[in-house]
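Please examine the model shown here together with the explanation that accompanies it.

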Amino acid sequence: MRFLVRAYQESTLRRGYAIEQFLGRTSESDPTVITMIELRPKDGAFQVWVHDHWDIGAETFIDVAEFPYTDPDGPDGPHATFDSPVGAIEYAETVLGAIGSRWTNEGVSESEYLDFVRLGRPDKWPPVGV
């Protein structure tokens, strides 16, 4: 199973592991930009990281973490930090557009990117029915 149910999202973060979500294209002005959100536990807090990358991948190159950042220096810090995993998850979903049922363990969202590529890099991710 690719996606984590809510209870596993929270428990994964509480156990010290990151979760992530591939958002697809998030820039209307530049369709070559894709975004990943990462929720990362650190020092008793839960950080929300937004990773904007140039979409340079292909079916044979899906490691989004290796794609160059749109800002050459990458993110300069977390987008937000919370005291609880629930706060971080809710923020990502209400403010950043993450979908509650599409969180994955770290590294699994590359499969989401592969689906995105195979479906022709749709403007909206995920498309209906995926």
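The structure is a predicted model. Its protein chain contains three helices and five strands, which follow the pattern α-β-β-β-β-α-β-α along the sequence. For 130 residues, a compact globule would have a radius of gyration near 14 Å, and the protein chain agrees with this at 14 Å. Its C-alpha atoms fill a box of roughly 40 × 35 × 25 Å along the principal axes. Of the 130 residues, 42% are buried. The accessible surface comes to about 7,000 Å², and carbon and sulfur atoms hold 51% of that area. Among contacts with a separation of 6 or more, 57% join residues 24 or more positions apart.

The five strands form an open sheet in the order E4-E3-E2-E1-E5, with antiparallel pairing. Strand E4 (80-82) and E5 stand at the edges, where each has a single partner strand, so one side of each lacks a neighbour in the sheet.

Helix H1 (residues 6-14) has Gln9, Thr12 and Leu13 as its buried residues. Viewed down the axis of H1, these buried residues fall within an arc of 95°, so they line one face of the helix. An α-helix has 3.6 residues a turn, so residues three or four places apart point the same way. On the other side of H1, Ala7, Tyr8 and Arg14 are exposed. The buried residues of H1 pack against strand E1 (19-25), strand E2 (33-42), strand E3 (45-54), helix H2 (85-94) and strand E5 (104-105). After H1 comes Gly16, with a positive phi near 95°.

In soluble globular proteins, nonpolar side chains tend to be buried together. Here, the largest nonpolar core has 15 residues, and those with the most contacts inside it are Leu13, Ile19, Ile37, Leu39, Val48, Ala92 and Trp103. E1, E2, E3 and H2 are the elements that give two or more residues to this core, and H2 gives the most, with four residues. Leu39 illustrates the packing: beyond its neighbours within four places in sequence, its contacts are Leu13, Ala18, Ile19, Gln47, Val48, Ala88, Ile89, Ala92 and Trp103. Apart from this core lies another, of nine residues, among them Met36, Phe67, Phe116 and Val117.

Is Ser109 buried or exposed? Its relative accessibility is 1%, so Ser109 counts as buried. Leaving out residues up to four places away in sequence, Ser109 touches Glu20, Phe22, Met36 and Thr104.

Technical notes: Residues numbered from 1 in each chain as written. Predicted model: local features only at pLDDT ≥ 70, side-chain atom pairs only at ≥ 80, totals over all residues. Heavy atoms only, no water. Buried < 20%, exposed > 50% of the residue type's maximum accessible area, 1.4 Å probe, protein only. Contact = heavy atoms within 4.5 Å. Arc of directions from axis to C-beta. Core = buried A, V, L, I, M, F, W, Y, C linked by side-chain atoms within 4.5 Å. Pairing = 2+ DSSP bridges. Rg over C-alpha atoms; globule rule 2.2 N^0.38 Å. Areas by Shrake-Rupley, 256 points an atom, 1.4 Å probe, with all protein chains shown as cover.
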